[in-house]
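Subject: Structure handover

Hello,

Here is the structure for your files. Please look it over before reading the notes below.

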Amino acid sequence: MFRIPLIFALSVLSLLPHKAAATGLFECEATERAEWLTEDALSEKLEAQGWSVRRMKEDGGCWEVYGTNLEGLRVEGYFHPITGDAKLIAQRGRILFRAD
């Protein structure tokens, strides 16, 4: 009896605009996008520190990097978009490092 109206209501709600949110474990403070390090610049910085970068994307105002760290662990890292400093490093949901 209520199945059709419920399905219709949920369908309509799914079409309404919604605010995009960060999907990751960490959020950086708001900064001017023009001041951010480029993907290439951050990759070079991390590779100089012994990282192997597989993939990188913007998430929560940070650079989110997937790769292998100096210790050989496959990790997910969040880096400050301007300085490139590590803010959070995690492996499969387990936090290995978090900046204060």
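Which residues form a nonpolar patch on the surface? Leu73, Leu96 and Phe97 do, with about 230 Å² of accessible area together. Patches are made of residues with over 30% relative accessible area and no salt bridge, where like charges are joined within 9 Å and nonpolar side chains (Val, Leu, Ile, Met, Phe, Trp, Tyr) within 5 Å. Accessible areas come from the Shrake-Rupley method with a 1.4 Å probe, and for residues only the protein chains shown count as cover. Leucine 96 sits in strand 5 and counts as partly exposed at 34% relative accessibility. Buried means under 20% relative accessible area, exposed over 50%, and partly exposed in between (1.4 Å probe, protein chains only).

Two notes on the source. This is a predicted model, in which local features need pLDDT of at least 70 and side-chain atom pairs count only at pLDDT 80 or more, while totals for chains, interfaces and linings use all residues. Residues are numbered from 1 along each chain as its sequence is written, and side-chain values use heavy atoms, with hydrogens and water left out.

Overall layout. The chain has two helices and five strands, in the order α-α-β-β-β-β-β along the sequence. Helices (H or I, at least four residues) and strands (E, at least two) are DSSP runs, numbered from the N terminus. Of the 100 residues in the chain, 30% are buried. The accessible surface comes to about 7,200 Å², and 56% of this belongs to carbon and sulfur atoms.

Aromatic pairs. The whole structure holds three of them. Tryptophan 36 and tryptophan 63 form one that is edge-to-face, at 5.4 Å centre to centre and 70° between the planes. This pair links the loop between helix 1 (3–15) and helix 2 (39–48) to strand 2 (residues 62–68), with the two residues 27 apart. Both tryptophan 36 and tryptophan 63 are buried. Tryptophan 51 and phenylalanine 79 are also edge-to-face, because their ring centres are 5.5 Å apart and their planes at 80°. Tryptophan 51 lies in the loop between helix 2 and strand 1 (52–59) and phenylalanine 79 in strand 3 (residues 74–79), so this pair ties together parts that are 28 residues apart in sequence. Rings of Phe, Tyr and Trp (its six-membered ring) pair if their centres lie within 6.5 Å; planes under 30 degrees apart count as stacked, over 60 as edge-to-face and the rest as tilted.

Salt bridges. A search of the whole structure finds three, a salt bridge being a side-chain nitrogen of Lys or Arg within 4 Å of a carboxyl oxygen of Asp or Glu. Arginine 33 pairs with glutamate 58, with the closest N and O atoms 3.4 Å apart. Here the loop between helix 1 and helix 2 is linked to strand 1, across 25 residues. Aspartate 85 and lysine 45 meet at 3.8 Å, N to O. Aspartate 85 is in the loop between strand 3 and strand 4 and lysine 45 in helix 2, so the pair ties together parts 40 residues apart in sequence. Glutamate 64 and lysine 57 meet at 3.7 Å, N to O; glutamate 64 is buried at 2% relative accessibility, whereas lysine 57 is partly exposed at 31%.

One backbone item. Arginine 92 has a positive phi of about 50° although it is not a glycine. Arginine 92 is in the loop between strand 4 (86–91) and strand 5 (94–98) and is exposed, at 85% relative accessibility.

Regards
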